[in-house]
Amino acid sequence: MGSVGRSFAGCMIVAVDMSPTFAGTIMGVSSIVSSMSGFVMPILVGFLTNDEQTLEQWNKVFFVSIGVVMTSGIIFSIFGSAEVQEWNFPKVKDSGSYDGKSKDKLNYENSIDFNDAITHL
């Protein structure tokens with residue numbers, strides 16, 4: 001369970017890394033998904049330790065928790081990315097949308113309607 005503490009700082013910042021504009025929305029959705037363990041785990045613990053309150057049964061509970069933490073970490077390590085996503089950038093007045101390839105050529109002061117960007121926040 002000590003590895004959960006080490007990974008917590010990474011999972012809290014990845015939403016800001018992926019999309020600074022929509023970081024609040026991403027964190028809200030991920031909090032909803034992660035809070036499901038708050039009502040699934042007590043059901044699982046009750047199922048595993050219903051008739052037997054032995055050390056062996058509680059070891060199964062902890063192994064399930066370790067498996068969930070390790071599986072999610074492995075999945076993110078293989079498929080995840082903390083790079084800024086192309087859907088993060090608001091639409092541009094001149095070309096209609098951001099293509100994700102010409103970041104350095106984009107003139108932010110003249111092309112982005114900051115009133116629209118602020119309403120997303």
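**A helix pair and its surroundings**

Helix α3 (residues 37-48) and helix α4 (residues 55-79) have axes that come within 9 Å and cross at roughly 150 degrees. An axis here is a line fitted to C-alpha atoms, for helices over the stretch in contact, and the angle runs from 0 to 180 degrees between N-to-C directions. Helices (H or I, at least four residues) and strands (E, at least two) are DSSP runs, numbered from the N terminus. The two helices are therefore roughly antiparallel to each other. The cut-offs are these: under 35 degrees is roughly parallel, over 145 roughly antiparallel, 65 to 115 roughly perpendicular, and the rest oblique.

The crossing of α3 past α4 is right-handed. That term applies if the near helix is turned clockwise from the far one by less than a right angle, and left-handed applies if anticlockwise. On the α3 side, the contact is made by M41, L44, V45 and L48. On the α4 side, Q57, W58, K60, V61, V64 and S65 take part. Contact means heavy atoms within 4.5 Å. By type, the residues of this contact divide into 7 nonpolar, 2 polar and 1 charged. Nonpolar covers Ala, Val, Leu, Ile, Met, Phe, Trp, Tyr, Cys and Pro; charged covers Asp, Glu, Lys and Arg; the others, Gly among them, are polar.

This is a predicted model: local features need pLDDT of at least 70, side-chain atom pairs count only at pLDDT 80 or more, and totals for chains, interfaces and linings use all residues. Residues are numbered from 1 along each chain as its sequence is written, and side-chain values use heavy atoms, with hydrogens and water left out.

Now look at the loop between α3 and α4, where T49 is found. Is T49 buried or exposed? T49 counts as buried, because its relative accessibility is 4%. Buried means under 20% relative accessible area, exposed over 50%, and partly exposed in between (1.4 Å probe, protein chains only). The side chain of T49 reaches back to the backbone oxygen of V45, at 2.6 Å. Not counting residues up to four places away in sequence, T49 touches Q57, W58 and V61.

Follow that to W58, which lies in helix α4. W58 counts as partly exposed, because its relative accessibility is 31%. Leaving aside neighbours within four places in sequence, W58 is in contact with V45, T49 and Q53. W58 and L48 are 10 residues apart in sequence, and 7.9 Å apart in space, C-alpha to C-alpha.

Next, the chain as a whole. The secondary structure comes to 6 helices and 0 strands. Along the sequence, the pattern reads α-α-α-α-α-α. The chain has 121 residues, of which 17% count as buried. Take the contacts between residues at least 6 apart in sequence: 46% of them join residues at least 24 apart.

Two pairs show such spans in sequence. V16 sits in helix α1 (residues 2-18). V16 is partly exposed, with a relative accessible area of 38%. V16 and V84 are 68 residues apart in sequence and 8.6 Å apart in space, C-alpha to C-alpha. F89 has its place in the loop between α4 and α5 (108-111). F89 counts as buried, at 18% relative accessibility. From F89 to S19 the separation is 70 residues in sequence and 8.3 Å in space, C-alpha to C-alpha.

Key
A polar contact is a pair of N or O atoms within 3.5 Å; within protein, one must be able to donate a hydrogen and the other to accept it, and residues adjacent in sequence count only if both atoms are side-chain atoms.
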